[in-house]
Every structure is written in structure tokens, then in C-alpha cells.
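I opened this model to look up the surroundings of the ligand first, and then a few places in the protein itself. My notes follow in the order in which I looked.

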Amino acid sequence: MLKLFGISGSPRIAATDWIIKEALRYAEEKWNAETRYFSVRGKKLNFCLHCDHCIKEGSCIHDDGMKEVYSGFEWADAILIGTPVYQGTLSGQVKVALDRMRAFAASNPHGLRGKIGAAVADGGDRIGGQEIAIRSIVDFYLINEMVPVGGGSFGANLGATFWSKDKGADGVKADKEGLKSLYKTLYRLAEGWVMMNKKGGERESGRKEL
Ligand SMILES: Cc1cc2nc3c(=O)[nH]c(=O)nc-3n(C[C@H](O)[C@H](O)[C@H](O)COP(=O)(O)O)c2cc1C
């Protein structure tokens with residue numbers, strides 16, 4: 001069974017929260033996926049201090065909301081990160097979470113290898129930086145040996161993009177093209193997961209030190 005971890009990188013219960021919950025609902029309905037949800041809303045997420053405690057001791061010096069993120073990444077086969085567009089790119093909250101994943105890699109250097117990663121971004125403007133936000137998340141997947149998926153050409157390209165018109169959940173619910181891009185991206189995510197598993201558990205064997 002596909003285990004999908006969805007992260008909302010908005011400090012509000014609004015557009016991004018709705019999109020990620022809809023994605024998890026869809027994956028449960030279509031593929032009987034097991035899902036987990038995490039929102040940055042109300043969570044204490046400290047900046048990475050580059051203290052290198054994680055490199056020396058194998059764990060992060062902070063004790064905060066990232067614990068749930070670490071356990072979600074560990075548990076999942078696939079990760080969907082959603083971000084509102086802030087100043088033309090991902091939200092600060094998502095950036096902090098991605099920076100803090102250095103501690104995860106320090107304790108388990110190939111722990112994310114072969115996991116599928118997809119991204120969704122919603123902006124108040126039609127072209128407000130959604131693709132740049134997605135690219136930053138995809139870079140994180142690449143750096144961490146994951147397998148990034150987009151949504152394919154004719155509709156979803158790098159991943160799911162929404163135009164919220166700054167109307168929160170109502171705005172993205174009304175964005176039919178955005179929803180199409182979300183479902184297309186989820187299909188690619190599910191296909192990627194099937195492909196990784198078909199090849200006789202390459203993900204497991206790929207964990208060997210090279
Ligand atoms: C600090 C800040 C910066 C923003 N910058 C952009 C931007 O550069 N481009 C854009 O399209 N929307 C921008 N927005 C609007 C949000 O991306 C948009 O309303 C989004 O759908 C909010 O998601 P949420 O409802 O999940 O919080 C910005 C909003 C905030 C608060």
C-alpha cells in the first residue's frame with residue numbers, strides 16, 4: 001500500500017491546507033493509500049543553526065515540530081509538499097523545514113533514497129512564482145536522492161500549480177485547471193511508486209553504501 005505524507009507549508013488553514021487534504025483524500029480513494037498530514041500552522045519550527053550537532057551526534061539540537069516531519073519522511077514511500085508562494089518562491093516555513101532535513105540525512109545518509117517526491121504551489125497571482133517554488137522543492141528531492149515527479153505535459157508540467165486569487169480554500173477549489181494539475185501530478189506520483197516497486201525492491205537494495 002502506498003504511504004503518502006502530505007505537508008502544508010502555509011501558516012493558515014486556507015488554500016494550501018485544502019489542496020494537501022484534497023490530495024490525500026484523492027490518493028486514499030484512488031489507490032487505497034495510507035496517508036499522513038502535517039501542517040506548519042501553529043508549529044514551532046526553529047531555524048537550522050548550522051551548529052553541526054546533527055553531524056556530530058546524529059540528531060538535531062532542537063526539540064520542536066520537526067520531529068513529526070522526520071517521522072513522516074521516514075514512514076512514507078512518497079511525499080507531497082505544498083507551499084503558498086511568498087515573494088515569488090516557497091514559504092519561509094517550508095524552507096526552514098527543508099533546511100532542517102539536514103539532520104535527517106546526517107543520521108541516515110541514504111534514508112530518503114528512492115522515495116517519490118512531488119510538489120504543489122498556490123499563489124495569489126496566476127503567474128506569481130508557482131514554478132519557482134516547485135523547483136526549489138524538487139531541488140531538495142534531488143539533493144536527498146529522492147525521485148521527483150511532475151505532472152506531465154499538457155496541464156501539470158513540473159507539478160501542481162494553483163491560482164488562489166488570494167481567496168484561500170474557496171479560491172483553489174474554484175481553480176479547475178489547478179485541480180487538474182493536482183490529479184495529474186498524483187497519477188505520476190502513484191506511477192512512480194509502482195515503477196520503483198516493480199523493479200524488485202530497488203529502493204531497498206539502493207540503500208547500500210556506494
Ligand atoms: C508574505 C506573502 C508573500 C506573498 N507573495 C506572493 C507572490 O510572490 N506571488 C503570489 O502569487 N502570491 C503571493 N502571496 C499570496 C499567497 O501566495 C496566496 O494567497 C496563497 O494562496 C496563500 O496560501 P494559503 O491560503 O494556504 O495561506 C503572498 C502572500 C504572503 C502572505
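This is a predicted model: local features need pLDDT of at least 70, side-chain atom pairs count only at pLDDT 80 or more; totals for chains, interfaces and linings use all residues.

The shell comprises 17 residues, and the closest are Arg 12, Thr 16, Val 85, Ser 164 and Asp 166. I then asked which elements supply at least two residues of this shell each, and noted helix H1 (15–31) and strand S4 (116–123).

Next I looked up polar atoms facing the ligand. A polar atom in the side chain of Thr 16 lies 2.6 Å from a ligand oxygen, and an N or O atom in the side chain of Ser 164 is likewise listed at 2.6 Å from an oxygen atom of the ligand. For Asp 125 I noted a polar backbone atom, 2.9 Å from an oxygen atom of the ligand. Of the 640 Å² that the ligand exposes when taken alone, the protein buries 76%.

I turned to Ser 39, which is in strand S2 (residues 34–39). Is Ser 39 buried or exposed? Its relative accessible area is 6%, so I count Ser 39 as buried, the cut-off being under 20%. A polar atom of the Ser 39 side chain lies 3.0 Å from the backbone nitrogen of Arg 41, and, leaving aside residues up to four places away in sequence, Ser 39 touches Ser 8 and Ser 10.

Last, I checked helix H4 (residues 92–100), where the buried residues are Val 94, Val 96, Ala 97, Leu 98 and Arg 100. These pack against helices H3 (66–75), H5 (102–107) and H6 (130–143), and against strand S3 (78–84).

How values were computed. Residues are numbered from 1 along each chain as its sequence is written. Side-chain values use heavy atoms; hydrogens and water are left out. Buried means under 20% relative accessible area, exposed over 50%, partly exposed in between (1.4 Å probe, protein chains only). Helices (H or I, at least four residues) and strands (E, at least two) are DSSP runs, numbered from the N terminus. Contact means heavy atoms within 4.5 Å. A residue is near a molecule or strand if one of its heavy atoms lies within 4 Å of it. A polar contact is a pair of N or O atoms within 3.5 Å; within protein, one must be able to donate a hydrogen and the other to accept it, and residues adjacent in sequence count only if both atoms are side-chain atoms. Accessible areas come from the Shrake-Rupley method with a 1.4 Å probe; for residues, only the protein chains shown count as cover.
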